[in-house]
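Open the model in your viewer and keep the sequence panel beside it. This tour goes stop by stop: what to select, then what is there.

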Amino acid sequence: ADIQTRDMLDLDVPTLRDGKYIIVESELDWYVKQVMESFVERAERIRNGGVDPSEDNFLKITHEARLLGTDARLLEADASDNSEGKLNRLVENVYYEYEKATREGIIGTQLIFSDIGTPKGKWREEMLTTPWHENGEFDVYNYIKTELVKQGIPAEEIAYIHDAKTDAAKDALFREMRAGTKKVLLGSTDKCGTGVNVQTHLVAMHHVDCPWKPSSIEQREGRGLRQGNENKEVAVYRYVTKQTFDAYSWSLIE
């Protein structure tokens, strides 16, 4: 076989805005610092052989650390909402890109990727006023949509890939993204990777979390950095919570 990779071909594809990724670092709040300290203590007990693996193990700590790096409420629904946290920084940037496209008179669509905190139920209007712990289990998708609607983005312009249950529903959703009637699409790597052709008006992509494999990053970013995008540049945001498992995850991918 004669293999041609993308860097060997002169394809008309958008470049990264300003030629680099936009790294958004978030600060820890007191609660996250406390939980991180408890992870260290748990790890020490496991390493010293003082814990039965069925009760606690490094895989469990790793999973919980990934959740914590995204939002503490994924571990404890009553945890405080960190105003400087990753999800709130993401909401600010999505709204900035939305307004920027409006000012420039273009149809600007965006993709948000998260394999963590996928939707646990339908988004409801009352989520705009009801505290999260009263709604039950916290999830990333519904929180992001709620905050974006509060900023002023119409709810009907925000979609989850998870709501498209059939191939026909996915095709209809992708058409709406290409037409610009949907402006923001949230999805996981598996559901929003290969075969998702929504690049026409894409101006920004956001990595809420860091997947396990470099190929997953390429799949995500390949949704926008590809032929058929009418924009010359695409902003790619990567969100990292300092001093958490986030930094380790990105270094593994690197």
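Buried means under 20% relative accessible area, exposed over 50%, and partly exposed in between, with a 1.4 Å probe and protein chains only. This is a predicted model, in which local features need pLDDT of at least 70, side-chain atom pairs count only at pLDDT 80 or more, and totals for chains, interfaces and linings use all residues. Residues are numbered from 1 along each chain as its sequence is written, and side-chain values use heavy atoms, with hydrogens and water left out.

**Stop 1: two loop residues**

Select Asp18. At 62% relative accessibility, Asp18 is exposed. Asp18 sits in the loop between β1 (15-16) and β2. Helices here are DSSP runs of H or I with at least four residues, strands are runs of E with at least two, and both are numbered from the N terminus. Check the backbone of Asp18: phi is positive, about 60 degrees, although Asp18 is not a glycine.

Now jump to Gln243. Gln243 also has a positive phi of about 60 degrees and is not a glycine. The loop between β7 and α8 holds Gln243. Gln243 is exposed, at 61% relative accessibility.

**Stop 2: Leu28**

Leu28 belongs to the loop between β2 and α1. Is Leu28 buried or exposed? At 14% relative accessibility, Leu28 counts as buried. Contact means heavy atoms within 4.5 Å. Leaving aside neighbours within four places in sequence, Leu28 is in contact with Lys33, Met36, Asn82, Thr241, Lys242, Gln243 and Thr244. Draw a C-alpha to C-alpha distance from Leu28 to Thr244: 8.4 Å in space, for two residues 216 apart in sequence.

**Stop 3: salt bridges**

Side chains of opposite charge can pair when their charged atoms come close. The term salt bridge is used for a side-chain nitrogen of Lys or Arg within 4 Å of a carboxyl oxygen of Asp or Glu. The whole structure has 16 salt bridges.

Take Lys242 and Glu25 as one example. Their closest N and O atoms are 3.9 Å apart in a salt bridge. Lys242 lies in the loop between β7 and α8 and Glu25 in strand β2 (residues 22-26), so the pair ties together parts 217 residues apart in sequence. Lys242 is partly exposed, with a relative accessible area of 28%. Glu25 is partly exposed too, at 45%.

Next, select Glu64 and Arg42. This salt bridge has its closest N and O atoms 2.8 Å apart. Glu64 is in helix α2 and Arg42 in helix α1 (residues 30-47), so the pair ties together parts 22 residues apart in sequence. Glu64 is buried at 15% relative accessible area, and Arg42 is buried at 13%.

Finish with Asp71 and Arg73. They form a salt bridge with closest N and O atoms 2.9 Å apart. Both Asp71 and Arg73 are buried.

**Stop 4: the cavities**

Rolling a probe the size of a water molecule over the atoms shows where empty space is left. A cavity is a set of points, on a 1 Å grid over the protein atoms alone, where a 1.4 Å probe fits but cannot get out; lining residues have an atom within 4 Å of a point. The search finds 2 cavities of 30 Å³ or more.

The largest cavity has a volume of about 130 Å³. Of its 17 lining residues, Val32, Asp71, Ala72, Asn82 and Gly85 are the closest to the centre. Helix α2 (residues 58-70) gives the most to this lining, with 3 residues.

Move to the second largest cavity, with about 40 Å³ of space. Show Arg66, Thr70, Ile116, Asp209, Cys210, Phe245, Asp246 and Ser249, which line this cavity. Helices α2 and α8 are the elements that give two or more residues to this lining. The largest share, 3 residues, comes from α8.

**Stop 5: helix α7**

Last, select helix α7 (residues 214-221). Which residues of α7 are buried? They are Ser216, Ile217, Arg220 and Glu221. Seen down the axis of α7, these buried residues fall within an arc of 125 degrees, so they line one face of the helix. The arc is that of the directions from the helix axis to the C-beta atoms. Colour what covers them, including β3 (109-113), β6 (202-207), β7 (233-241) and α8 (245-253).

How values were computed. 1 Å grid on protein atoms, 1.4 Å probe; cavity = no way out; pocket = protein on both sides within 12 Å on 5 of 7 lines; lining within 4 Å. Points joined across faces, edges and corners; volume = space filled by probe spheres on them.
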